[in-house]
Amino acid sequence: MRSCAHLTRECSAGYTEFMAEFDPRALDFEVAQLGAMAEKICAELRMDHGKGLRALIQCLSESYTFLFPALRQLAQNGSEEARRALVQAVAEAADPADPFRAPFLLEILGPLLFDPSPGIRRAARRVLRERLIPTCPEEAGEALVQWAAEADPSWKALAGQMLGYLPQKWTRRALIALKHLARSEEKEVRRAVIAALKHLLCQSPKLVEAELQRWLEDPALSPLVRRVLGGKKFSQSEVP
């Protein structure tokens, strides 16, 4: 991925032209110009996809607080072309030097994670897994914990799956959330938890094995632990 600083230089001219007719600082911007902003983005993408994409990246990099409502609307109701471009723009705009941007990017990506188009849905989840979680693990981890508490099993299953990709530093936090999800009655959620635990077991074997041994003492969790282990035994160093 190219750096955000490089993208800013590359997109600056197009962004300036793109934003010429909008003033996001205006108090009535959201009410008066929200729809026009989303339409402008779609029009740019149709006329010149590359130029529209560069402007979209710059919107996410420079004016995400002002333009968040328009970009969120685009993620929910935009054309397939616009939604696909938005996924790519979110990936490009992620920047560890600007952690305040991450929650906005995660919110914008949210609807795309369950997009009607399978291709967009897969791309959005890949961006979350391969770009946002490694780039902004703290902010992404907080979002995953929130999703794990949702009533919708689809969100819980997604959270369970993605918790397995948190960096090693965040394994303890992931295990806390996964223990909650492991008690879920939904099969898709439990399958996601099993997959996440297997991934974390490879990443942090001692820490995860110690936690799973405690889970074995809980009758509600022990069957899931046995599925994670797949007939294997804990390493000798972890046997009490």
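In this predicted model, helices α10 and α11 cross with a left-handed sense. Helix α10 spans residues 171-182, and helix α11 spans residues 187-203. Their axes come within 10 Å and cross at roughly 155°. Angles over 145 degrees count as roughly antiparallel, so α10 is roughly antiparallel to α11. Two packed helices are described by the angle between their axes and the distance between the axes.

Residues from both helices build the contact. Helix α10 contributes T171, A174, L175, L178, L181 and A182. Helix α11 contributes V189, R190, V193, A196, L197, L200 and Q203. By class, the contact of α10 with α11 holds 10 nonpolar residues, two polar residues and one charged residue.

Aromatic rings were examined next. The count comes to three aromatic pairs. Ring pairs join F114, W147 and W155 into a cluster. The ring of F114 also has a charge over it: the charged end of R125 sits there, 4.9 Å from the ring centre. Another arginine is placed over a tyrosine. The charged end of R129 sits over the ring of Y165, at 5.8 Å from its centre.

A further set of contacts involves F68. This residue lies in helix α4, which covers residues 64-77. F68 and F104 are 36 residues apart along the chain, yet their C-alpha atoms are separated by 7.1 Å. Neighbours within four places in sequence were left aside for the contacts of F68. On that basis, F68 is in contact with F104, E107 and I108.

Technical notes. Residues numbered from 1 in each chain as written. Predicted model: local features only at pLDDT ≥ 70, side-chain atom pairs only at ≥ 80, totals over all residues. Heavy atoms only, no water. Axes fitted to C-alpha atoms, helices over the stretch in contact; angles between N-to-C directions. Helix = DSSP H or I, 4+ residues; strand = E, 2+ residues; numbered from the N terminus. Parallel < 35°, antiparallel > 145°, perpendicular 65-115°, else oblique. Left-handed = near helix turned anticlockwise from the far one by under 90°. Contact = heavy atoms within 4.5 Å. Nonpolar A, V, L, I, M, F, W, Y, C, P; charged D, E, K, R; others polar. Phe/Tyr/Trp six-rings, centres within 6.5 Å; stacked < 30°, edge-to-face > 60°. Lys NZ or Arg CZ within 6 Å of the ring centre and 35° of its normal.
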